[in-house]
Amino acid sequence: MKIVILDAATLGDVNLSGLEKFGTVETFATTQPEEVPNRIQGAEIIITNKVVINRPILETTNTLKLICVAATGYNIIDLQCAAERGITVTNAVGYSTNSVVAHTFSMLFYLSHHSRYFDDYTRSRQWCKSPTFNHLGESFSELAGKQWGIIGMGTIGRKVADIAQAFGCQVSYFSTSGQNREQPFECVSLEQLLQQSQIISIHAPLNEKTANLIDKPQLQQMSSEAILLNVSRGGIVNETALASALDDGEISAAGLDVLAKEPPDATHPLFHIQNQNRLFITPHIAWISRESRARLITEVEKNIAAFLKGESRNRVI
C-alpha cells in the first residue's frame, strides 16, 4: 500500500519506521493546502496531524481508503464527504494525557509563583545586592484551599482534577456536553464555576458548543485573582477579549498553549498587552513530550493494522 505522511515535522524526531510494514511510506515534513491533491495521488492511506482534508481535496482521489488523524481532534477532516466516498477516518486518543496534565501544572506554577519575575531578579544579579538572604518582591499563595474549576471533564480534565485535589484544592467542573455528570466532583453551571474559582483550566474539544465559550461577559464574571489556563483548543477563548481583561485587571493571569490561529500573526492582541507578566503562551507543545509522541505513532500503527484486518479501532467514521 502507499502511505503518505503530510506533516511529519509536527511529530519531531519520533521513529516512523514501524509504518513501513504496511507498505511504501512517502513522508513530507510540511504540506501547503495547494500541494495536498498532488501528494495524495495513488495513496490508500494518508496520515495528517493538522493538514486540512476537505471536500475539494477528497474529490481529487479515487484510491484513498483510510485517513489517520495523528491527533485526537478531527475537525480538519470533511467527515461527510469522507463517509460519502467510503473513506474510513480514525483518530488517536489517550496518548497525550500525562503530557498535557503536566504542562497544565507547569503553566500554573510559572504564573502563580511569578517564576519569570524571580528568574529575572536573580539573572540580573539584583539578589547579589540584597540586604537579606531572600527577596519578597512578589508574593504567592499555596494551592491548598483554592477553588479549581475545570471546563471539560474528560480523561485529561479528570486527571487534572485528581492532582489538584491532591494539592488540597476544592474541585468543581462544567460539562460542555451536558452529559458527563457522573464524576466524584461537583458539577456546576458555567456561571457558577467562573464566579467561584481562583483557577480555571479548559480541557474541552472545540465545537459549536464551546466556540467562544469564554468571551467578554464570562471574563467579567471571574475573580480579579483568577488564573485562566487553556491547554485544549484555540477558539474556545476569545483572545481579543482576554487581552482586554488582562490589561484591565479583570483577571490575574492567563496561560495559553493554543490560539485560534496557529502560528499567530505578529499583530495578535495578546502580544501587545501592557503587562506581559500576566500572560504565558507556549506554542502548542502541551502534548509533545517524547513519550507522548511515541505513543501517538503506536496508536496510528494500531489503527492501520486494525483497519487492514477489517476491525474497528478509534474509528470516527
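1. Asparagine 303 and arginine 313 make a polar contact through their side chains, at 2.8 Å in this predicted model. Asparagine 303 belongs to helix 10, which covers residues 290-308. Its relative accessibility is 2%, so asparagine 303 counts as buried. Setting aside residues up to four places away in sequence, asparagine 303 touches Thr90, Asn91, Arg313 and Asn314.

2. Serine 96 sits in the loop that runs between strand 5 (88-90) and helix 4. Buried or exposed? With 9% relative accessibility, serine 96 is counted as buried, because the cut-off for that class is under 20%. Apart from neighbours within four places in sequence, serine 96 is in contact with Trp287 and Ser292.

3. The sheet is open and has seven strands, in the order 8-7-6-9-10-11-12, with parallel pairing. Strand 8 (186-187) and strand 12 are at the edges and have a single partner strand each, so one side of each has no neighbour in the sheet.

4. Two of the strand pairings can be followed at residue level. Strand 6 (residues 147-151) and strand 7 (residues 170-174) run parallel and are joined by five bridges. Glycine 149 has serine 172 of strand 7 as its bridge partner. Strand 10 and strand 11 also pair in the parallel sense, over four bridges. Here asparagine 230 has leucine 256 of strand 11 as its bridge partner.

5. Which residues of strand 11 point one way, and which the other? Ala253 and Gly255 point to one side, Ala254 and Leu256 to the other, and all are buried. In a regular strand, side chains alternate between the two faces of the sheet.

6. Helix 6 (residues 155-166) lies across strand 6, strand 7 and strand 9 (199-202), and runs at about 175° to strand 6. Helix 9 lies across strand 10, strand 11 and strand 12, and runs at about 145° to strand 11.

7. Helix 9 spans residues 239-247, and its buried residues are Glu239, Ala241, Leu242, Ala243, Ala245 and Leu246. What covers them? The cover includes helix 8 (216-221), strand 10 (227-230), strand 11 (253-256) and strand 12 (279-281).

8. The two ends of helix 9 can be described as well. At its start, a side-chain oxygen of asparagine 238 comes to within 3.1 Å of the backbone nitrogen of threonine 240. After helix 9 comes glycine 249, which has a positive phi, near 75°.

9. Alanine 245 is a residue of helix 9. Its relative accessible area is 0%, so alanine 245 is buried. Not counting residues up to four places away in sequence, alanine 245 touches Leu219, Glu250 and Ile251. Alanine 245 and glutamine 220 are 25 residues apart along the chain, and their C-alpha atoms are separated by 7.6 Å.

10. The second largest pocket holds about 570 Å³ of space. Helix 4 (97-112) and helix 5 (115-123) are the elements that give two or more residues to its lining. The lining of the second largest pocket consists of 23 residues, and those nearest its centre are Leu111, Ser112, His114, Ile227 and Ser252.

Notes: Residues numbered from 1 in each chain as written. Predicted model: local features only at pLDDT ≥ 70, side-chain atom pairs only at ≥ 80, totals over all residues. Heavy atoms only, no water. Buried < 20%, exposed > 50% of the residue type's maximum accessible area, 1.4 Å probe, protein only. Contact = heavy atoms within 4.5 Å. Polar contact = N/O pair within 3.5 Å; in protein donor to acceptor, adjacent residues only side chain to side chain. Pairing = 2+ DSSP bridges. Axes fitted to C-alpha atoms, helices over the stretch in contact; angles between N-to-C directions. 1 Å grid on protein atoms, 1.4 Å probe; cavity = no way out; pocket = protein on both sides within 12 Å on 5 of 7 lines; lining within 4 Å. Points joined across faces, edges and corners; volume = space filled by probe spheres on them.
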